Amino acid sequence: MAGWIQAQQLQGDALRQMQVLYGQHFPIEVRHYLAQWIESQPWDAVDLDNPQDRAQATQLLEGLVQELQRKAEHQVGEDGFLLKIKLGHYATQLQKTYDRCPMELVRCIRHILYNEQRLVREANNDLVPFSHVLKEWLDPGRLVDASR
């Protein structure tokens, strides 16, 4: 879930780029509500070029659908009502979309996770040089060294 927590901190263009990763093929709400489960699955263990790995991809799809259904069932109260319906809908939608091509689900989620990590890494790298420059600029020893 740490990856999703970091991704939620993105701003500006990086946030817009992350939002583009999602859609009907994989709703951002599914990523949000199943973040921990998604990040704990062996998506990279599936060899997309090996038809024998289809069974593992199918297990991942079934697990995803079951997690969505479980999450939907546990929603209660007024706020939970709409979420229960939406999560149930996403479970059905993903099952229908990827039932015949579970490797595409794996490809999709890998793509999303890879790009989220890239965007977070780039955002963090943008901050590091500035903070390094700022630290150096604020360093009192800099003035002493400059006078020599």
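**Cysteines, core and rings**

Q: Let's begin with a cysteine: is C108 buried or exposed?
A: C108 is buried, as its relative accessible area is 11%. Buried means under 20% relative accessible area, exposed over 50%, and partly exposed in between, using a 1.4 Å probe and protein chains only.

Q: Before we go on, what should I know about the model and the numbering?
A: It's a predicted model, where local features need pLDDT of at least 70 and side-chain atom pairs count only at pLDDT 80 or more, while totals for chains, interfaces and linings use all residues. Residues are numbered from 1 along each chain as its sequence is written, and side-chain values use heavy atoms, with hydrogens and water left out.

Q: And C101, how does that one count?
A: C101 is partly exposed, at 29% relative accessibility.

Q: How many disulfides are there?
A: Zero, from a search of the whole structure. The criterion is a pair of cysteine sulfur atoms within 2.5 Å.

Q: OK, zooming out. How many helices and strands does the protein chain have?
A: Eight helices and zero strands. These are DSSP runs numbered from the N terminus: helices are H or I with at least four residues, strands are E with at least two.

Q: How much of the chain is buried?
A: Buried residues make up 33% of the 148 residues.

Q: Which residues have the most contacts inside the largest nonpolar core?
A: F26, I38 and L64, in a core of 38 residues. A nonpolar core is a set of buried Ala, Val, Leu, Ile, Met, Phe, Trp, Tyr and Cys residues joined through side-chain atoms within 4.5 Å.

Q: Which helix gives the most to this core?
A: That's α7, with nine residues.

Q: Back to L64, what does it touch?
A: L64 touches F26, V30, L34, W37, I38, L94, L105 and I109, leaving out residues up to four places away in sequence. L64 is also one of the buried residues of α5, among them L60, L61 and L68.

Q: How far does α5 reach?
A: Helix α5 covers residues 54-73, and its 20 residues reach 28 Å from first C-alpha to last, close to the 28 Å expected. The expected span is 1.5 Å times one less than the number of residues.

Q: Switching to rings. How many aromatic pairs turn up?
A: Three, across the whole structure. Rings of Phe, Tyr and Trp (its six-membered ring) pair if their centres lie within 6.5 Å; planes under 30 degrees apart count as stacked, over 60 as edge-to-face and the rest as tilted.

Q: What sort of pair do W4 and Y22 make?
A: Edge-to-face, because the planes sit at 75 degrees, with the centres 6.4 Å apart. W4 is in helix α1 and Y22 in the loop between α2 and α3, 18 residues apart. W4 is buried at 5% relative accessible area, and Y22 is buried at 9%.

Q: Last one: where is R100?
A: R100 is in the loop between α6 and α7, and it's exposed, with a relative accessible area of 76%. Its C-alpha is 9.1 Å from that of T58, 42 residues apart along the chain.

Technical notes:
Contact = heavy atoms within 4.5 Å.
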